[in-house]
Amino acid sequence: MTAAQPLETTTGTSTYTADEMMTIAAARALRGDKRCFVGIGLPSTAANLARTTHAPDLVLVYESGTLGSKPDRLPASIGDGILAETADAVISVPEVFNYWLQPGRIDIGFLGAAQLDRFGNINTTVVGDYAHPRVRLPGAGGAPEIAASCGEVFVVVRQSRRSFVEQVDFITSFGHGRGRGERAALGLRGAGPTLVITDLGVMRPDPDGELVLAATHPGVTVNQVREATGWDLRVADDRTVTEPPTTAELSALRALQAAS
């Protein structure tokens with residue numbers, strides 16, 4: 001068995017945690033003036049970091065009906081007043097879904113997960129049997145519609161065998177189903193999960209929708225990622241190593257977190 005990932009990694013003069021590497025890698029994936037539907041938690045942290053650093057034109061959309069929010073701290077929930085106070089517009093929740101999300105006007109959906117399987121299906125409902133669950137999770141919220149209708153979906157989640165499973169106990173948000181074009185067969189608008197960022201590395205789907213390891217973070221081995229995955233994870237032939245966080249990225253992230 002390989003050693004566990006260290007709590008902190010030092011590169012050059014910068015020391016950072018695995019969570020900071022994950023959040024910064026997720027933020028880097030957001031660029032330009034894309035419209036991004038943001039979930040609370042890790043996705044919100046990454047999206048706001050991107051907006052305050054390299055992607056100032058990124059348009060953040062929250063389920064509560066805030067369009068173009070520009071908070072100077074991390075919101076505590078989708079109902080946090082700072083989202084409305086800093087938004088370009090505030091609309092009703094039905095309008096967010098009926099006029100923005102479902103017609104395909106959102107480029108990227110940014111989600112978290114309690115469980116994620118090899119085809120990018122997300123569970124945030126129950127662990128175990130639905131009628132008699134071992135753990136009851138927060139539930140769906142708007143995530144099923146986000147996963148179905150956004151142009152593509154990015155997922156950010158800490159990686160372990162408990163969270164990365166062969167098959168989720170309940171499909172809250174549809175990824176690629178069982179693969180082989182199942183999304184298209186169901187008539188789902190969006191491309192589904194195209195990027196999964198964890199505290200160990202980055203995964204992307206192959207043409208059949210199965211997640212493949214595309215990059216490892218600095219200091220992380222392929223064996224460590226495989227040991228934290230509940231299926232036989234394949235590795236891309238052109239696997240890369242993520243660039244470590246810069247001093248500017250770490251400073252911006254820590255300033256956001258300190259203000260919250």
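Predicted model: local features only at pLDDT ≥ 70, side-chain atom pairs only at ≥ 80, totals over all residues.
Arg35 belongs to strand E3, whereas Asp107 sits in the loop between helix H4 (93-101) and strand E7 (108-111), so the contact ties together parts that are 72 residues apart in sequence. Both partners are partly exposed: the relative accessible area is 31% for Arg35, and Asp107 has a relative accessibility of 23%. A search of the whole structure finds 11 salt bridges.

Arg118 and Glu210 form another salt bridge, their closest N and O atoms lying 2.8 Å apart. This pair links distant parts of the chain, with Arg118 in the loop between E8 and E9 and Glu210 in the loop between E15 and E16, 92 residues apart. Arg118 is buried at 14% relative accessibility, and Glu210 is buried at 12%.

## A salt-bridge network

Asp206 meets Arg234 in a salt bridge with an N to O distance of 2.3 Å. Because Asp206 is in the loop between E15 and E16 and Arg234 is in strand E17, the pair ties together parts that are 28 residues apart in sequence. Arg234 is partly exposed, its relative accessible area being 37%. Through shared partners, salt bridges join Arg118, Glu166, Asp206, Glu210 and Arg234 into one network.

## Three-stranded sheet

Strands E9, E8 and E13 form an open sheet in the order E9-E8-E13, with mixed pairing.

Strand E8 (residues 115-117) runs parallel to E13, and two bridges join them. Within this pairing, Leu116 has Phe164 of E13 as its bridge partner.

## Largest pocket

The largest pocket has a volume of about 520 Å³. Its lining comprises 27 residues, of which Gly39, Ile40, Gly112, Thr124 and Gly139 are the closest to the pocket centre. Strand E3 (35-38), helix H2 (42-52) and helix H5 (143-149) are the elements that give two or more residues to this lining. By class, the lining of the largest pocket has 17 nonpolar, eight polar and two charged residues.

## Second largest pocket

The second largest pocket has a volume of about 380 Å³. It is lined by 17 residues, and Leu195, Val202, Arg204, Ala214 and Ala215 lie nearest its centre. At least two lining residues come from each of helix H1 (18-28), strand E14 (193-197), strand E15 (201-205), strand E16 (211-216) and strand E17 (234-241). E16 gives the most, with four residues.

By class, this lining has 11 nonpolar, two polar and four charged residues.

## Cysteines

A search of the whole structure finds zero disulfides. Cys36 is in no disulfide, and the nearest cysteine sulfur, that of Cys150, is 7.9 Å away. Cys150 is likewise in no disulfide, its nearest cysteine sulfur being that of Cys36. A disulfide requires the two sulfur atoms to be within 2.5 Å, and the separation here is 7.9 Å. Both residues are buried: Cys36 has a relative accessible area of 0%, and Cys150 has a relative accessibility of 0%.

Definitions and conventions: Residues numbered from 1 in each chain as written. Heavy atoms only, no water. Buried < 20%, exposed > 50% of the residue type's maximum accessible area, 1.4 Å probe, protein only. Pairing = 2+ DSSP bridges. 1 Å grid on protein atoms, 1.4 Å probe; cavity = no way out; pocket = protein on both sides within 12 Å on 5 of 7 lines; lining within 4 Å. Points joined across faces, edges and corners; volume = space filled by probe spheres on them. Nonpolar A, V, L, I, M, F, W, Y, C, P; charged D, E, K, R; others polar. Salt bridge = Lys/Arg side-chain N within 4 Å of Asp/Glu carboxyl O.
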